[in-house]
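Subject: The structure for you to look at

Hi,

Here is the structure I promised to pass on. Please open it beside this email and follow along as you read.

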Amino acid sequence: MSKYRITVEGKTYEMDVELIGANGAVVAPAPVAKAAAPVVAAPKAAPAPAAAKPAEVGSGSVTAPMPGTILKVLKATGDSVKAGEVVLILEAMKMENEITAPVDGTIGSLNLTEGSTVAGGDLLFDVK
Amino acid sequence: MDELWKNSIDRLESRREAVLAAGGVERIAKQHASGKLTARERMEALFDDGTFVELNDQITSRCSDFGMDKKKKPGDGVVTGYGYIHGRVAFASSQDFTVGGGSLGEAQAMKICRAMDKAMEMKAPFISINDSGGARIEEGIDSLTGYADIFYRNTIASGVIPQISVIMGPCAGGACYSPAITDYIFMTDYAQMYITGPAVVKSVTGEVITSADLGGASVHSSTSGVAHFVYPDDLSCLNGVRQLLGYLPQSNEDLSLNVPGTPVDNSAALSDIVPADSKKAYDVRNVINSIVDAGSFFEVQESFARNIVVGFARLDGQSIGVIANQALYMAGSLEINASDKASRFIRFCDCFDIPLLTLVDVPAFLPGSQQEHGGIIRHGAKLLYAYSEATVPKVSLIMRKAYGGAYIAMNSKGTGADIVYAWPIAEIAVMGGSGAVSIIGKKAIEAAEDPAAKRAELLAEYNDKFMNPYIAAEHGYVDEVILPSETRSKIAEAFRMLETKDRTLPLKKHGNIPL
């Protein structure tokens, strides 16, 4: 990060400037004590990793975010998973939606097979 | 100096001290102990250093019922005044929880209204910091009328000056409706908003719920959509307010600040970010960050209706509003909450002449009884209405999918888009191939010897004909099919050309947006 001083209409501002990477990701600078100038808004957070975040009904329970068809089942009941790991792929709304584990743990209640249809809000699996 | 001068000055000084003493050392210590700043400290944090000027510090309640004349405090539980943010004037009120719990009575309401009136006359933003136990019961309906006076001014000022509410403590009952009428609500992690609190909920419905679960920052930022921004504490929250104001004009008669940023063209990265296979998801925020000025994207309502992303950014230093379908969440489909979120954002930008950039990758409106019964027809209509009504420069980029009614709803040519670009991988069609073939090829498939083969043949034909941007370009619904690497320069050029756009709506009292 580089520090710059600029003058806008006679008023001097200090700002921190950084380039964004080839993948467009921006590293968030920590907010300063007072937003110095409206020059470069400090982004609040780097973009989330590319994984669909399913709705949660309880801790570790994953429900279908929308109606669709199960395209792939990548894990089975009893498998251990890390948070963010893809458990199954739900084909819905012209998209292959990756459904991931919300927390670290062991997969339970995963009774879906490839090709089965689910309604929005149906329990897909839980992680304990 | 003679004796009379001295006595007069002493009297003023002791009155000033009484105002600054607020609710007293103990209550201030309690406020600090709970991680909060005092009302005046918040003003100092909100405005440029040393610029806050207090108004009407001596206003006090005239109520004498229930012994209130013995309890009255100078300032009446609110600090009001003005200062400068990024060198531009703004007015604010800040409720003082240490003085009578910040409760709102007739005098407090009058102070707030005075500051609001000044903001309107000066055509400057108004910021209301809320930290109050609610209506001052001892003052009865005068207190309630005080709220009404504020709601009325909020409504009249809507679309004239930016109004921002900051919730930094309790905000219950009628107190919620002033923030709700204003443009943006900021909350800290320890703020709560609800119309009826946990005690009333329990006595009426039997439901037992904590105040955080009922109306905490997490609930309002992700579930109800009431709050637009959440911050962990007072300082970061007020910093957020300053940041937001940096993108906005002072009023509907003013222009936003143009702040030259660092124009980096990252368009070359776009073909790596967005998969050409339209069934694969990606984070549309990476697309936004690659198009706009480096680090300038400031997301609004990031945790609510995540299937659509909205926020402010800069393009060559100029403020713009960005609306983008988020393939990562619910496949980027439109539903009730996304329609509401985007419509309100579009209308705010239009009020304050902030141009709109729309990034389209939308499969459809989400089907299902939940959506239909929830009123997707009237909610989705808001999006069409908001885009059609907006007279600001409107530029669209169709990245991949643009299907059916959802395509039309996302700033299409027919609803008044000034310039529509599309990438060569765009799929612009009335519906997806599979569904279309089932309808238009039904008889041919049924009559065929090998229905599956016939279906595959028709599907290939449909996809070849329609899964591209060229029919839309031939018919003039897309102005130009562009390379990903040309994206930023084309969009920036379009907005430059559109700077002098002058389109007005027919004279009317106001339209009737489907609410």
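A crossing of two helices is left-handed if the near helix is turned anticlockwise from the far one by less than a right angle, and right-handed if clockwise. Helices (H or I, at least four residues) and strands (E, at least two) are DSSP runs, numbered from the N terminus. With that in hand, H5(B) passes H6(B) in a left-handed crossing.

Before going on, a word on the source: this is a predicted model, where local features need pLDDT of at least 70 and side-chain atom pairs count only at pLDDT 80 or more, while totals for chains, interfaces and linings use all residues. Residues are numbered from 1 along each chain as its sequence is written, and chains are lettered from A and ligands numbered from 1 in the order in which they are written.

Back to the helix pair. The axes of H5 (residues 106-122) and H6 (residues 140-157) of chain B come within 8 Å and cross at roughly 10 degrees (axes are lines fitted to C-alpha atoms, for helices over the stretch in contact, and angles run from 0 to 180 degrees between N-to-C directions). That makes H5(B) roughly parallel to H6(B) (under 35 degrees; over 145 is roughly antiparallel, 65 to 115 roughly perpendicular and the rest oblique). Residues making the contact include Ile112(B) and Met116(B) of H5(B) and Tyr147(B) and Ile150(B) of H6(B) (in contact means C-beta atoms, placed from the backbone, within 7 Å).

Chain B as a whole has 22 helices and 17 strands. Its C-alpha atoms fill a box of roughly 110 × 55 × 45 Å, taken along the principal axes. Of the 515 residues in chain B, 51% are buried (20 or more other C-beta atoms within 10 Å of their own, with C-beta atoms placed from the backbone; 12 or fewer is exposed, and in between is partly exposed).

Where is Lys413(B) found? Look in the loop between helix H17 (404-409) and strand E15 (419-422) of chain B. Lys413(B) has 17 other C-beta atoms within 10 Å, so it is partly exposed. Leaving aside neighbours within four places in sequence, Lys413(B) is in contact with Val420(B) and Tyr477(B).

Finally, chain A has an open sheet of 4 strands in the order E3-E10-E8-E5, with antiparallel pairing (two strands pair if DSSP finds at least two bridges between them). E3 (61-63) and E5 (80-81) of chain A stand at the edges, each with a single partner strand, so one side of each has no neighbour in the sheet.

Happy exploring!

How values were computed
Two residues are in contact if their C-beta atoms, placed from the backbone, lie within 7 Å.
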